[in-house]
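Subject: Structure for your review

Dear colleague,

Please find the structure below. My notes on what was found in it follow.

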Amino acid sequence: MSWIREKVRALYFKIVREKASPQFIAKGWAIGMCVGCAIPFGVQICISLPTAFLLKGSKIGATLGTLITNPVSIWFIYPAQCWVGSRILGKDVSWTAINKALACVLREQEWSALAKLSGHLVTSFFAGGFLFAAIMTPITYYTVLNMVKGYRIVHERVRRKKKSSRE
């Protein structure tokens with residue numbers, strides 16, 4: 001568990017120590033989270049980076065924010081996304097059917113396997129993904145914004161204290 005703590009700590013410092021305004025940093029992470037939730041892996045960075053340039057957000061955040069979907073988390077996120085999406089669309093797709101279809105796609109990692117999915121499952125994926133993005137994007141923005149601002153306030157206090165103790 002300590003390696004997880006170290007990874008989280010390293011990510012935290014990567015976020016809060018980026019040399020940019022808190023809004024710029026938060027915007028980039030929110031873009032990455034939005035794309036990571038709504039767009040299938042494999043094309044996320046191709047979408048998040050240009051979006052970060054257009055919306056003037058952190059490119060680092062936009063890139064790393066897409067990692068919400070990674071080889072470990074997609075086994076949980078994508079089925080949940082499809083299940084929620086199917087409910088939004090008023091269809092009754094079972095959790096087992098979703099897992100079976102997505103496991104085939106993830107195992108084969110071929111566009112042909114993706115093309116074999118039913119249109120309903122694909123639309124469910126996007127419906128659920130856009131709902132997750134709508135929820136997670138503002139949460140990410142304000143969480144990162146407050147993390148950066150809080151870190152900088154504390155860091156500035158420490159810097160001032162050290163400076164005054166030297167004088």
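**Findings**

Helix H2 (residues 22-38) has 17 residues and spans 24 Å from its first C-alpha to its last, close to the 24 Å expected at 1.5 Å a residue; the expected span is 1.5 Å times one less than the number of residues. Helices here are DSSP runs (H or I, at least four residues), numbered from the N terminus. Of the 17 residues of H2, 13 are buried, so the helix is mostly covered (buried means under 20% relative accessible area, exposed over 50%, partly exposed in between, with a 1.4 Å probe and protein chains only).

This is a predicted model, in which local features need pLDDT of at least 70 and side-chain atom pairs count only at pLDDT 80 or more, while totals for chains, interfaces and linings use all residues. Residues are numbered from 1 along each chain as its sequence is written, and side-chain values use heavy atoms, without hydrogens and water.

The axes of helix H5 (residues 74-88) and helix H6 (residues 95-108) come within 9 Å and cross at roughly 130 degrees; axes are lines fitted to C-alpha atoms, for helices over the stretch in contact, and angles run from 0 to 180 degrees between N-to-C directions. H5 is therefore oblique to H6 (under 35 degrees is roughly parallel, over 145 roughly antiparallel, 65 to 115 roughly perpendicular, and the rest oblique).

Lysine 56 lies in the loop between helix H3 (44-55) and helix H4 (59-65). Lysine 56 has a positive phi of about 55 degrees, although it is not a glycine. Its relative accessibility is 59%, so lysine 56 counts as exposed.

Yours sincerely

Methods
Helix = DSSP H or I, 4+ residues; strand = E, 2+ residues; numbered from the N terminus.
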